[in-house]
Amino acid sequence: MPTGGDHFGLMLLEEGLVTRPDLERAKARQLETGETLSRVLVDEEIVPEVDLVKVLARHVGVEFVNLAEIAVDPSAAVLVPEMIARRHSIIPIGFDNGRLVVAMADPGNVLVIDDIRAITGLPIKVKVATRSSIDEAIRRVNRMEDAVTDFGALIGEDDIDDDLAKIEAAIEEAPIVKLVNTLVSRAVSERASDIHIEPAEKDLRVRFRIDGVLHEIMTTPKSVTGAVVSRLKIMADLDIAERRVPQDGRVALKVGGRQIDLRVATLPTIYGEKVVMRILDKDDAILPLEDLGFLPESLARFKESYTKPYGAILVTGPTGSGKTTTLYSTLNIINRPDRNIITVEDPVEYRLPGIIQVQVNRKAGLLFATALKSILRSDPDVVLIGEVRDTETARIAVEAALTGHLVLTTLHTNDASSSIGRLVDMGVESYLVSSALDSIVAQRLARKICSRCRQPREATPQMTQQMGFDPDEGPITVYDAVGCKVCSDTGYRGRLCINEILLVSEEIQRMAVERRPSDEIARVAVEQGMITLRRDGMEKVRLGMTTLEEVLRVVV
């Protein structure tokens, strides 16, 4: 902080932040120690640091920034070495129209500003922050970067030309490595499921998908696009020279001691290659079904199916609706030493101990159907098929369920009742489908409301009616998503499944053979106790697990 002379002391008196005796005592202490007046006032606890820095900001005509309330842009922070940042209590926090925005405890130190300008090659915009908040921000940024270890092997340099050598040299520079490490670590710490690296016309945008919703995290100068994308491609063992076609790869790493897998996919766009990284956290792979959000009555219905020795269980829903997670959780329950469980997946997302897992390999000709034929000759008790994509796979799955195997698989349909017609449309005889199917689980994922900041209110009669409840039965308490530090000001933290579970009874079997419309099947299923997707979601609104707006977002 600057020394601050008589004028600064008078400003503090006028603001009412200090009494004259305290000011005189601080000045006397300043003469003894040679420290700045600001430092003495803070160390002696005469004036809170935040209040003092706000006055200082007005004093020098610079904007004050509270670093505890903003997200520091990692791509900016890594431009200045940590040693220099700590020595001078400064941290770059972002970009503004081509200028590097720097938070400083001493905005009057023009020599430091000149040094930062020389280091970064960018014009500087100065803001004022407290020394303690700057120290904490530096620690936070560097802690994220240091947490990432065990990246995949880098490619060699024996067979690359001069241009690729230059690219590789650039991406191995500390700022780029640090930026990529920080992005991955921050994504994991914020519970993101995907990282989107998106080149645009003038900049590079980074977004995280958190609880199913994309959030823009930062934008960086366009100039770093090539180095960042190439660094990610090297980590995933992809060809950095090939920029015209999509590529897929995988990275194994540890973040803060946790084993993480990244599935990396590149996509050529008009402004460069977009990279999407799916984060697979092995520690979060398998959860009890209760923790996924199943209501007790729905869980009891589902348990009737997965405890049977044979039959087919379908889990349906759009991409990203948690189908695989539900299947893994179910497998974890039925996994016993006396059972031979084999899965065929594309790709194998999580490694499950005690279970034989087969990875589809299209280049080698190992598809779902061909893998299934071999699996059924391997004496399985339970078979998990990642997805029914074609007629042959559907037929083999149905036949396996009819010949004494418990088959679990996924299908893309909007609800449970339409899944029967989808299998028939794929070419499987209706009488086989009706005999093989035991249950169908349709599901969506909704965000859980943050328990720390949610606010209760009484639902209006119109809202109660919209939820499908009788307004005459009394008031219903619903909760609004507010936002706090725990949930990153989104109002939501985590996700839960909204589902409907259709048990294939004898009556529904007859309707399937007769190829009756899905809406008629759904009506009979409800009469037999099925809770529909919408009803299940509204029940979770009433229980305070999520919000009405969130259920309406994911369920028609």
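A charge is taken to sit over a ring if NZ of Lys or CZ of Arg is within 6 Å of the ring centre and within 35 degrees of the ring normal. In this predicted model, Arg454 meets that description: its charged end sits over the ring of Tyr479, 4.0 Å from the ring centre. Another arginine, Arg542, lies over the face of Phe469, at 4.4 Å from the centre of that ring. Arg542 belongs to helix H22, which spans residues 533-542.

Aromatic rings also pair with one another. Rings of Phe, Tyr and Trp count as a pair if their centres lie within 6.5 Å, and by this rule there are two aromatic pairs. One is formed by Phe294 and Phe302, whose rings are stacked, with 5.8 Å from centre to centre and 10° between the planes. The other joins Phe302 to Tyr306 in an edge-to-face arrangement, at 5.2 Å centre to centre and with 75° between the planes. Phe302 and Tyr306 are separated by about one helical turn, because they are four residues apart in helix H13 (residues 296-306). Phe294, Phe302 and Tyr306 together form one aromatic cluster.

The solvent accessibility of these residues was also computed. Residues under 20% relative accessible area are classed as buried. Phe294 therefore counts as buried, at 6% relative accessibility, and Phe302 is buried too, at 0%. Tyr306 is likewise buried.

The model also contains an open sheet of seven strands, in the order E13-E12-E14-E15-E11-E16-E19, with mixed pairing. Strand E13 (356-359) and strand E19 (492-503) stand at the edges; each has a single partner strand, so one side of each is left without a neighbour in the sheet. On average, neighbouring strands of this sheet are turned by 20° against each other, direction ignored.

Within the sheet, strand E11 (residues 311-316) and strand E16 (residues 437-449) run parallel and are joined by five bridges. Thr316 has Ala442 of E16 as its bridge partner.

Helices lie against this sheet. Helix H22 packs on the sheet and touches E16 and E19, and its direction makes about 140° with that of E19. Helix H15 (residues 368-375) lies across E13, strand E12 (341-345) and strand E14 (382-385). The angle between H15 and E12 is about 165°.

Terms used
Residues are numbered from 1 along each chain as its sequence is written. This is a predicted model: local features need pLDDT of at least 70, side-chain atom pairs count only at pLDDT 80 or more; totals for chains, interfaces and linings use all residues. Side-chain values use heavy atoms; hydrogens and water are left out. Rings of Phe, Tyr and Trp (its six-membered ring) pair if their centres lie within 6.5 Å; planes under 30 degrees apart count as stacked, over 60 as edge-to-face and the rest as tilted. Buried means under 20% relative accessible area, exposed over 50%, partly exposed in between (1.4 Å probe, protein chains only). Helices (H or I, at least four residues) and strands (E, at least two) are DSSP runs, numbered from the N terminus. Two strands pair if DSSP finds at least two bridges between them. Axes are lines fitted to C-alpha atoms, for helices over the stretch in contact, and angles run from 0 to 180 degrees between N-to-C directions. Contact means heavy atoms within 4.5 Å.
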